Amino acid sequence: MTVLQRILVAVIFVPLILLLLLAAPSIYIPIVISILSMIAVHEVLWSTGFVKNAKLSGYSIVLAGLIPFWVYIGQGMLSALCGLFLYFTLVFITAISSHYTVTMEKMGGAFFFAALIPYFLSSFTRLDTLTGAKYMILTPLIVAFLSDAFALFAGLAFGKHKLAPELSPKKTVEGSVGGVAGAVLAMVVYGLVMQFAFHFQVNYLLLVVYGLLGSAVSQLGDLSFSYIKRQYQLKDFGNILPGHGGVLDRFDSVIFCAPLIEILWRVLPAVQFG
């Protein structure tokens, strides 16, 4: 039933995100990233019980919601300076008045997630500023989601050798290889569409690199957050998406994949847009 739920959610949820990225005005991208980031930070802080102080958690969730807009604004960043100054001021006031229950580890961990998740997901906002943005902005999702889908089906069909049994007992080496193959195939198909439907110049070798590296870091992102879940004996960070868990469970691979794909587009562009 879980596999069926995963497929149904993906069939509905993924096209909606793709449609939003393609058709919506640019301002909607940081809005969506902000909402997803706040939910994800709330999930990881509260499901693990790592931060039990409501004020510290609240400040961190708000910070996660603001970072995508700071990325969108770009130049100047006075708003970011003011926001970070206020955040750390409030955090230390909370810590000082907590009678040592808010430790340095908790402050650091809260800030780590509040900064990491929204800043990495804001690669979509930064990609939206590049030439050909509406075409390339989909690629992190294509790589991450199809890598996950192909890994799932390859693992179910051929999986025999465990990949990281202590972190994710169901993941297999065969599934991992299937995920890489699926991501590479997806990027090649993407290149064919760009070449023959839109008449852009395509470097297929670079697209293969996108698929290989993108799938590798997507799986690393999945395992990284599984590492956190296993420390706290959690199956999922949340339950907002049936069959997938929480927002963080669905986007853990994208959090790692998006910045890498952004770097590749900037340094080694695989498609020459007009």
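Visitor: How many residues does α10 have, and what distance does α10 reach from its first C-alpha to its last?
Guide: Happy to start there, keeping in mind that this is a predicted model. Helix α10 covers residues 204-231. At 1.5 Å a residue, a span of 40 Å is expected, and the model comes close to that.

Visitor: Which residue's side-chain oxygen reaches a backbone nitrogen at the start of α10?
Guide: Look at the start of the helix, where the backbone nitrogen belongs to Leu205.

Visitor: Is Asp222 buried or exposed?
Guide: Asp222 sits in α10. Its relative accessibility is 14%, and buried means under 20%. Therefore Asp222 counts as buried.

Visitor: Which side chain does Asp222 join in a polar contact?
Guide: Leaving aside neighbours within four places in sequence, Asp222 is in contact with Asp148, Lys171, Asp252 and Ser253. Among them, the partner in a side-chain polar contact of 3.2 Å is Lys171.

Visitor: How many disulfides does the count come to?
Guide: A disulfide is a covalent bond between the sulfur atoms of two cysteines. For the count, the two sulfur atoms must lie within 2.5 Å. Cys82 is partly exposed at 44% relative accessible area, whereas Cys257 is buried at 0%. By the distance rule, the number of disulfides is 0.

Notes:
Residues numbered from 1 in each chain as written. Predicted model: local features only at pLDDT ≥ 70, side-chain atom pairs only at ≥ 80, totals over all residues. Heavy atoms only, no water. Helix = DSSP H or I, 4+ residues; strand = E, 2+ residues; numbered from the N terminus. Buried < 20%, exposed > 50% of the residue type's maximum accessible area, 1.4 Å probe, protein only. Polar contact = N/O pair within 3.5 Å; in protein donor to acceptor, adjacent residues only side chain to side chain. Contact = heavy atoms within 4.5 Å. Expected span 1.5 Å × (residues − 1).
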